Amino acid sequence: MPTEPTDDIEARLRLDHARAIHWDRTRRMSLLLLAVWLATGFGTVFFARELARFEVFGWPLSFYMAAQGASLVSVTIIAIYAWRMRRLDRDYHAALAPRP
Amino acid sequence: MSTNPVTGVRHGYFKKLSRYYLWYTGAFALFLVAVALLEQEGMPRLWIGYLFMFATIALYAVIGVICRTSNVTEYYVAGRRVPAMFNGMATAADWISAASFISLAGGLYLQGFDGLAFIMGWTGGFVLVALLIAPYLRKFAQYTVPDFLAARYGGGTGGRGGPVRALAVSATILVSFTYVVAQIYAVGLIASRFTGVDFSVGIFLGLASILVCSFLGGMRAITWTQVAQYIILLVAFLIPTMWLSVKHADNPIPQVAYGSLLPKLTAREAELANDPREAQVRAEFLRRADGYAARVAALPESWEAGKLDAQRQLAAARARNASLLEVRQAERALTTYPNSVDDARTLWLERRDANLARARPPEPHAQPFPGATQEASDERRNNFLAVVFCLMFGTAALPHILMRAYTTPSVHETRVSVFWTLFFILLIYLTIPALAVLAKYDIYTSLVGSDFSALPTWISYWANVDKANPLISVADINGDGIVQLAEFAIDADVLVLATPEIGGLPYVISGLVAAGGLAAALSTADGLLLAISNALSHDVYYKMVEPGASTQKRVTISKLLLLAVAFIAAYVASQKPADILSLVAAAFSLAGSTLFPVLVLGVFWKRANHIGAISGMVTGFAVCLYYMLRASPALGGNALDTWFGILPMAAGVFGVPAGLFTVVVVSLLTPRPSRASAGMVDYIRAPE
């Protein structure tokens with residue numbers, strides 16, 4: 001049966017391609033989210049003395065960021081990650097689904 | 001019963017669990033009301049303490065008995081069917097240790113802005129867990145962290161990754177053991193303070209509940225107990241804080257309310273800083289510090305003179321037929337006098353520093369990095385950043401937390417579970433800075449300035465709990481009959497336990513807070529003991545010693561090892577080892593330096609091979625340990641021997657990069673990893 005090997009190769013290529021795209025997107029998104037995390041976590045502490053002049057809801061900004069802000073950003077980052085990864089997983093399965 | 005195809009959660013199961021825990025929470029509320037009524041009827045305080053202690057310990061034991069199992073998957077990873085939300089709750093209880101529940105708010109009270117490093121570090125690390133590690137561990141779907149590393153890196157005899165596994169197991173045990181000793185120590189402390197039983201008896205009471213639970217049901221029992229424990233510790237932490245919040249800010253949500261209180265606290269701080277009476281007290285402390293400094297400078301003559309003086313005082317007291325009390329005092333002064341010149345030097349230097357510390361004006365709570373000079377301020381900022389760094393990277397490498405990635409039904413559920421974990425942790429962690437500010441405001445406004453003849457009862461109670469190292473001390477230094485801030489000292493460990501009394505709540509809430517502290521310590525101890533015994537039974541016994549062991553035998557061995565480890569840990573804790581307790585903060589640095597580089601590079605860099613992994617783990621660990629030994633006076637180093645002024649506790653700031661760098665360099669210098677390892681990386685990266 002001469003057609004089967006080509007099918008196999010084609011399926012293999014499609015799988016590799018879908019995986020590569022999925023991994024590429026995952027990596028890019030992780031990197032972006034980590035950059036946000038780094039800026040809010042370490043950035044606000046580094047410039048804490050300068051930021052103490054500003055005020056949010058009664059707190060000095062640097063105190064607020066250290067006590068609540070950075071942690072809230074972290075939990076948001078994790079939520080966005082879980083939500084986006086679910087989308088990426090779905091796209092991956094859609095790309096692999098047998099075409100009509 | 002329908003199963004969701006993406007999440008793998010059976011719908012009815014989740015509903016059933018939610019119903020159980022709602023019933024449980026309702027029953028717990030009823031229990032609280034009943035005890036409150038009993039208190040009204042005049043039940044003594046000690047009994048309330050007993051009631052909370054034994055009722056909660058019995059509860060955890062019952063859950064353990066109900067969830068008993070001998071099935072391998074159930075025992076090691078709770079059958080991989082814990083829904084994300086409950087897994088998050090259990091991980092949060094696992095995470096919130098005795099230190100965060102009992103001491104963190106007190107630490108923030110004492111350290112102000114600097115203390116926030118712990119809030120940031122212990123929450124921000126979950127971003128690393130969620131993005132870099134947990135989903136990939138779940139995709140791999142084995143049992144322990146060393147499992148993952150061994151499969152990823154291979155090497156050793158037959159390419160089974162023996163050396164990598166052995167190193168990872170050692171790191172797991174070392175880190176978890178120091179941590180578990182501290183938890184068991186806290187159990188003993190809480191039990192002895194609230195029920196009056198002996199410290200060691202308290203330890204073994206707590207141990208009994210840990211054992212019934214983990215011994216019978218492994219991960220499965222621990223998970224469901226931890227959910228129950230989380231609910232107790234959440235209620236216990238929120239009620240007194242909300243009470244204080246209503247009292248001072250007319251707002252029951254402390255996380256929001258304390259923003260309005262912070263400017264008032266800052267104003268009060270400024271007022272106290274310029275108060276002449278405060279200055280008087282501080283001057284007295286400075287005088288005492290100078291006195292000790294002078295005695296140290298005059299050693300060894302001052303030691304001889306002091307000894308003679310103490311002997312003469314005693315003889316004089318006896319000669320003039322002084323009162324028994326005076327004679328006893330003179331006797332004590334002589335018996336506690338330092339035995340040698342060296343002892344005298346250590347003791348007097350310690351006293352000099354203690355007095356100097358109290359002679360300093362209080363730092364404003366909300367001001368970041370106050371310092372005399374720009375350099376001093378910069379150094380504090382750098383240390384803040386370093387501590388945050390170590391706690392974050394340590395979090396992402398703690399085996400008892402990572403182990404939890406295996407217990408959910410799917411990769412997606414693991415991602416969601418990390419979200420719930422941080423969510424439930426934040427319910428407590430966002431309250432901790434609020435409690436610190438609320439308690440500080442209360443003490444600064446109602447205690448400071450009050451009359452010595454009308455001190456509240458909680459002060460005398462907590463001042464007398466531990467006579468050797470008073471948890472609270474207050475004395476009229478300048479003799480004006482009024483409490484000055486500088487005359488009041490409080491230990492970080494007592495703030496949360498005393499909060500209900502500071503706020504004027506009934507004793508039932510104090511009992512609840514003690515039960516909460518106990519739940520925090522027990523839940524963490526449970527998770528850690530299981531991490532240790534799994535490492536020993538699964539990784540050492542099954543994977544390295546006897547690969548042919550039957551599943552029944554594996555679970556039995558695991559249970560026996562758990563028993564042994566628990567008793568060793570309890571024995572060590574009952575010796576009150578100061579060194580180990582000071583090492584706990586170091587556990588994060590060690591975990592981060594040793595395990596984080598190999599975990600992350602294992603997923604994200606295919607070229608990393610087993611020689612790189614082995615040298616990376618060894619180097620990260622060695623650099624971290626070397627720096628601690630070098631710069632920590634508690635471990636025999638010199639506090640001045642630092643690199644860039646970084647505290648020894650934050651040694652991970654050197655260890656993590658050293659580990660990462662070594663893995664990369666050594667991997668590049670040695671041959672590529674096998675095709676099996678590349679295939680495995682492809683597999684864990686691919687979606688389900």
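Predicted model: local features only at pLDDT ≥ 70, side-chain atom pairs only at ≥ 80, totals over all residues.
Two residues are taken to be in contact when their C-beta atoms, placed from the backbone, lie within 7 Å.

The overall build of chain B comes next. Chain B holds 26 helices and two strands. Its radius of gyration is 27 Å, close to the 26 Å that the globule rule gives for 688 residues, so chain B is as compact as a globular protein of that length. Along the principal axes, the C-alpha atoms of chain B fill a box of roughly 85 × 65 × 50 Å. Of the 688 residues in the chain, 51% count as buried.

Helix α7, which runs over residues 145-153, is largely enclosed by the rest of the structure, because eight of its nine residues are buried. The buried residues of α7(B) are B:Val145, B:Pro146, B:Asp147, B:Phe148, B:Leu149, B:Ala150, B:Arg152 and B:Tyr153. Just after α7(B) comes B:Gly154, with a positive phi of about 60°. Helix α8 of chain B, spanning residues 162-195, has 34 residues and reaches 48 Å from its first C-alpha to its last, close to the expected 50 Å. This helix, too, is mostly covered, with 27 of its 34 residues buried. Just after α8(B), B:Gly196 adopts a positive phi of about 75°.

B:Leu233 belongs to helix α9 (residues 199-249) of chain B. B:Leu233 counts as buried because 27 C-beta neighbours lie inside 10 Å, the cut-off for burial being 20 or more. Leaving aside neighbours within four places in sequence, the contacts of B:Leu233 are B:Ala93, B:Ile96, B:Phe101, B:Gly516, B:Ala519 and B:Ala520. B:Ile428 is 195 residues away from B:Leu233 in sequence, yet their C-alpha atoms are 8.8 Å apart in space.

Finally, chain B meets a partner: 37 of its residues are in contact with 36 residues of chain A. On the side of chain B that touches chain A, at least two residues come from each of the helices α6 (116-140), α10 (254-273), α15 (374-395) and α17 (411-429).

Note on methods: Residues numbered from 1 in each chain as written. Chains lettered and ligands numbered in written order. Helix = DSSP H or I, 4+ residues; strand = E, 2+ residues; numbered from the N terminus. Expected span 1.5 Å × (residues − 1). Buried ≥ 20, exposed ≤ 12 C-beta atoms within 10 Å, placed from the backbone. Rg over C-alpha atoms; globule rule 2.2 N^0.38 Å.
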